[in-house]
Amino acid sequence: MSSLRQLIPLPRNAFRYLCLFTALANGLGNLFLLVFYRPLFEWLGVPLPQDIHSFAFVAGFSFTVGVLAFLVFLNPEKNVNLLTIGIIGKGIYAFFTFYFYVFGHLHWFYLIFGIWDAVYVVIFFLFLIQLLSPDLTNFNRGDVFIGLEREQTNRALFLVFSLTGTGRSGMERIKTGLERHGYHVDIASIESGEHIFHFPMSVLDFVQIVIRAIFRRPAHITPLGIPANHPYDLIVVESQTWLVGMSAPVEAVFQDPANRAIFEGRDVAVLNVCRGAWRRSQAMLVRWVQRCGANVVGVRAFAHIGWEPSRLFSLWFYLIYREAGRPHFLDGFVQPRYGLSDDTLAQLELFGEDLAQRKRVIWYRSTVV
Ligand SMILES: Cc1cc2nc3c(=O)[nH]c(=O)nc-3n(C[C@H](O)[C@H](O)[C@H](O)COP(=O)(O)O)c2cc1C
C-alpha cells in the first residue's frame, strides 16, 4: 500500500488547496501580526521588534506571497511562474530564519514561520513539476503504454548504474518479469573510471559527488559501444536520485550525442530509485529519453523502505557502515533493511511482465479497425 501511494502523485486540487491554505495563513496571519503583535509577543515572551519598520516591511512582503499563492490557487496553469517566485521567496525567508536562529539568537517563535516556508518550498516545487509536466502524472498512474510498430525481437537492453545496489535490485526484478514472458535481457552496466562513483565511498568522495551534483558537472563514463541498429525492441534505463536530480553517470549517457541513436525510435521504460525524492530525477530522465526520440512505454519510481526522518538517517548510516541496521544503539529508529521493500520489488516484477506483454501499435490498429 505504501508503495502504491508513492506512485500516485497528489492530485492537482490537493496542491491548489495547499496554496489556498498558505494564502490564508500568509494573508490573514500577517494582518493579525501587524495589529496584535504587542499583546501576542508579550504573552509568548517574544522580544518586541527592535526595528518596527523592517518588521512591517517583512509582514508586507509575506502578505504579498500570500496573494501570490491565492492567484496560483485561482488559476494554477496561468500563474505557474508565480510558483517559482514563491519558491525563491519562501526559500530565502526559511534560510535566513534558520541561520539567525542558529547564529543570531532569533526567538523560537520565528522558527515556526521558517519551518512553514521550508515545507512550502517543497510543496510549491512539487506542484511546479506537476504543472510543467502533466504527462508525468499520466505516466505515474501505473499504466504500460502502447509500443512502437517494429520487429518484435523479445530482446531487452538494461542500462544500469547502481552505486549501492538499490537500482540493480529493482532492475533484476523487472528482468525476472520480462523473462517470464519470453524476453531475453542483456544488461549494460554504465561504468565510470572516476573513483568517486564507486561504493564504498569516503566522506570526501560523497562531498565531491554532492558538489558536482549541485553544479551538475557531467561524469566521464566508458563508451557504451551499443550501435544504433541494435536488436533490442525494449530498453529499460534506471537512475537513482542525487541531490534531487538524476545521477551524473546516468545523465552522461544522454549527454554524449553518440548514444542518443540507441534510444531513437525505440520503446523505453524508466525506473527511478531514491531515498524519498524522485519527481525531479524522474522528470529529467523521462525528458532525456524523449529528447532522444524514444517512445516511453512505462515509468516507475520507488523510494526506500521506511519513514522520515528514519529513512534519511538510515541512508547516511548505510553509506558510513555499509550495512543496514547500524548503529545498533539506534535500533527501532534506523531501518533494519536498506533499499526497496518486498512489496516494491514485487511490483517491479509485475512491471516487467506488463512491459513484455505491452500492446504494439500494430495490435492496437487491428483491434480498432
Ligand atoms: C550522493 C548522494 C546523494 C543523494 N541524494 C538524494 C536526494 O537528493 N534525494 C533522495 O531521495 N535520495 C538521495 N540519495 C539516495 C539515493 O537516491 C538512494 O540511496 C538510491 O537508492 C541509490 O540507488 P543505487 O543504489 O542504485 O545507486 C542520494 C544518495 C547519494 C549517495
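Sorted by class, the shell around the ligand holds eleven nonpolar, nine polar and two charged residues. The model is a predicted one. Of the 22 residues around the ligand, those that come nearest are Ser162, Thr164, Thr166, Gly167 and Gln240.

Leaving aside residues up to four places away in sequence, isoleucine 235 touches Leu157, Leu159, Phe263, Arg266 and Val268. Valine 361 is 126 residues from isoleucine 235 in sequence, and the two C-alpha atoms are 17 Å apart in space.

Another part of the chain to follow is helix H4. Helix H4 covers residues 80–103, 24 residues in total. From its first C-alpha to its last, H4 reaches 35 Å, close to the 34 Å expected at 1.5 Å a residue. Its buried residues are Leu82, Leu83, Gly86, Gly89, Lys90, Tyr93, Ala94 and Thr97. An α-helix has 3.6 residues a turn, so residues three or four places apart point the same way. Just after H4 comes histidine 105, which takes a positive phi of about 60°.

Technical notes
Residues are numbered from 1 along each chain as its sequence is written. This is a predicted model: local features need pLDDT of at least 70, side-chain atom pairs count only at pLDDT 80 or more; totals for chains, interfaces and linings use all residues. Helices (H or I, at least four residues) and strands (E, at least two) are DSSP runs, numbered from the N terminus. The expected span of a helix is 1.5 Å times one less than its number of residues. A residue is buried if 20 or more other C-beta atoms lie within 10 Å of its own, exposed if 12 or fewer, and partly exposed in between; C-beta atoms are placed from the backbone. A residue is near a molecule or strand if its C-beta atom, placed from the backbone, lies within 6 Å of it. Ala, Val, Leu, Ile, Met, Phe, Trp, Tyr, Cys and Pro count as nonpolar, Asp, Glu, Lys and Arg as charged, and the others, Gly among them, as polar. Two residues are in contact if their C-beta atoms, placed from the backbone, lie within 7 Å.
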